[in-house]
Amino acid sequence: MIPSPRRHRLAAAASLVLLACAVHAQTSDPAAPNSPAPIIERPLPSRPGTRPAPAPAATKPAAAKPAIEPVAQPSALTAELFYEILMGEMTTRSGDPGSGYALVLDAARRLRDGKLFQRAVEIALQSRSGDAALAAARAWQETLPNSRDARRIELQILIALNRIGETVELLRAEVAATSQVERPLLMAVIVRNYSRATDKKLAASVVEQALVDELKKPATGGLAWATVGRMRLNAGDTSGALDAAFKGQEIDPASDAPAALALEMIDPSQPLAEPIVTRYLANNPKASPDLRVAYARVLVENRRFADSTAQLQALTAARPELAEPWLLLGSLQAQARQDGAAETSLKRYVELAANQKDQKDADDRQRGTTQAYLVLSQLAERRKDFTGAERWLARVDNTDDLVVAQTRRAGLLARQGKLPQAREVLRGLPERTPEDKKQKFLAEVQLLRDAKQYQAAYDMLAQASVAAPNDSDLVYDQAMVAEKLNRLDEMERLLRRLIELKPDNQNAYNALGYSFADRKIRLDEARTLIQKAVQLAPQDPFIADSLGWVEFRLGNTTEAIRILEAAYKTRPDPEIGAHFGEVLWTVGQKDRAVTIWKEALLSDAENETLQETLKRLRVKP
């Protein structure tokens, strides 16, 4: 028989109350003052029941009974209170949460039961009454002043109600009750919860007031100041956040928290942030490897490749068993044309990743291994070992990366003179999204450019631009192909169009300025355009190369050498080497010029700019 809805509700309510009563019968002690969870938002832990009796010893008969039966402890739960709890649940479920809340809260007070207080809070929240939930939490605190669960719930509710100013003492008590081991987790939760406040400056101030004692102690000051700094940063106070990171490091130089905060603020406009990171890394032999890797990534984002490489070399020397640094180092070495070192680093990563069995990081390892295979294939292709390059590509078995592998495979075919087959490989790739379709198209255009079939590439881009005239990628690529076809007016028109579409596109300013400088025309305008590109990407060595080149064309050879030398040191690219060598050759430093050109030839003997320079100057290094 299927019970009626009303009977079903009554049965459910009775079951809930019986469960609550059973728990109460087991223990009526107040919530433990040393509850294990330090985080504000953690769900309330279940109260412990009576400890189960130990299993009888093997020598005793299975049916043996104790000589004295345990005396049952009387429960504070009377029939009246049982009925009150039952009615509270029934009225709540029947659509009158207000009455149910009042009954359950009254029973919680009389029984001094944390679970019933928690139930009262839940009823209030279900009926979207924040004030009632707060009243229940505060009643819980008054009745059971040692309950950390009650304090956490009150904190959560006050933050949700945006009554941040009332949380100082509660938060201070919660921090004081949290063990040192669990402090980092607590601080992360504090930042996450208080960052939701509407008044973020007030939230930062409240957190700082709550942590006032922690800020003064060497053992806790680093983490506490970093927490304050993150709150200030969230409130838009970057200078205040930087000051907090500095104070945190000053009081606890071994803490990684201030350095991690400073790492987020590294920017040319904040020159004082990076020294906090570098001091931590330099002065702590056991510095966090994760933080050093993160710093290396930031350096890459700022196009400081040599500095990033130095950090990764230091880490791989100190901790050779870590896999990720080898992958990053190998990728940077490949980018810098240090092919032998790159191959060693990448193979080391593949070996270490294969020996790791932690399933939690399996996806990251798979992505990293695929990246290593792709770069190793590229290295083999550079030395014209096409069979070896294909072998590395064949090891890519991740479905999400097969498109990348097939694109690289098409490039291999084109390098071997099999352009039609290469184009067919690309055209056979799936198009799951519009972005997939666009990437396929651009990859095919690149194949044509690499094969010097510029007219075919231009025609493809021109046709696509009709359908998407404002696509900045198409406009830029079409401009670059127009330059190869010597359609310089068309190139200029397209680049100026790109500047209109995206005024912050540094590549457009750089390409147009470099084109003028290379042709020795409109040099003042060329410098202005390239300086704009430098403002947009101050660490880009290729833009610096353009600036050095225009200075050379203007006759400022000393300035040109300074700029080009720095660019070549940052990124020893053959095109930068070609320009740097020519300036050195012009001022009479011919031996040094030849040395630079030899290095460039080892990196890429087929580079067009390098070959044109050597041919024009009639030099055979």
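Me: Why is W549 called buried?
Reply: W549 has a relative accessibility of 1%. Buried means under 20% relative accessible area, exposed means over 50%, and partly exposed is what lies in between (1.4 Å probe, protein chains only). At 1%, W549 is therefore buried.

Me: What kind of model is this, and how are residues counted?
Reply: This is a predicted model, in which local features need pLDDT of at least 70 and side-chain atom pairs count only at pLDDT 80 or more, while totals for chains, interfaces and linings use all residues. Residues are numbered from 1 along each chain as its sequence is written, and side-chain values use heavy atoms, with hydrogens and water left out.

Me: How are W549 and F552 placed along their helix?
Reply: Both belong to helix α28 (residues 541-553), and because they are three residues apart, about one helical turn separates them. Helices here are DSSP runs (H or I, at least four residues), as strands are (E, at least two), numbered from the N terminus. Like W549, F552 is buried, with a relative accessible area of 12%.

Me: Why is the pair of Y568 and F580 called tilted?
Reply: Their ring centres are 6.1 Å apart and their planes stand at 45°, so the pair is tilted. Y568 sits in helix α29 (residues 557-570) and F580 in helix α30 (residues 574-586), so this pair ties together parts twelve residues apart in sequence. Y568 is buried at 8% relative accessible area, and F580 is buried at 2%.

Me: How do you know that the charged end of R487 sits over the ring of Y458?
Reply: The rule asks that NZ of Lys or CZ of Arg be within 6 Å of the ring centre and within 35 degrees of the ring normal. The charged end of R487 sits over the ring of Y458, 4.7 Å from its centre. R571 does likewise over the ring of F305, at 5.3 Å from the centre.

Me: What describes the packing of α15 and α16?
Reply: Two packed helices are described by the angle between their axes and the distance between the axes. Axes are lines fitted to C-alpha atoms, for helices over the stretch in contact, with angles from 0 to 180 degrees between N-to-C directions. The axes of helix α15 (residues 305-318) and helix α16 (residues 324-335) come within 9 Å and cross at roughly 145°. Residues making the contact include F305 and L312 of α15, and W326 and L329 of α16. Contact means heavy atoms within 4.5 Å.

Me: Is S195 buried or exposed, and which residues does S195 contact?
Reply: S195 is buried, because its relative accessible area is 18%. S195 lies in the loop between α8 (183-194) and α9 (200-210). Beyond neighbours within four places in sequence, S195 is in contact with I190, K200, M231 and N234. S195 and N234 are 39 residues apart in sequence, with 6.8 Å between their C-alpha atoms.

Me: What makes the phi of R337 worth a look?
Reply: Most residues other than glycine have a negative phi. R337 is not a glycine, yet has a positive phi of about 65°. R337 is in the loop between α16 and α17 (339-355) and is partly exposed, with a relative accessible area of 26%.

Me: Why is N486 called exposed?
Reply: N486 has 58% relative accessibility, so N486 counts as exposed. N486 lies in the loop between α24 (472-484) and α25 (488-501), and its phi is also positive, near 65°.

Me: How many helices and strands does the chain hold, and what share of residues is buried?
Reply: The chain has 32 helices and zero strands. Of its 621 residues, 46% are buried.

Key. Rings of Phe, Tyr and Trp (its six-membered ring) pair if their centres lie within 6.5 Å; planes under 30 degrees apart count as stacked, over 60 as edge-to-face and the rest as tilted.
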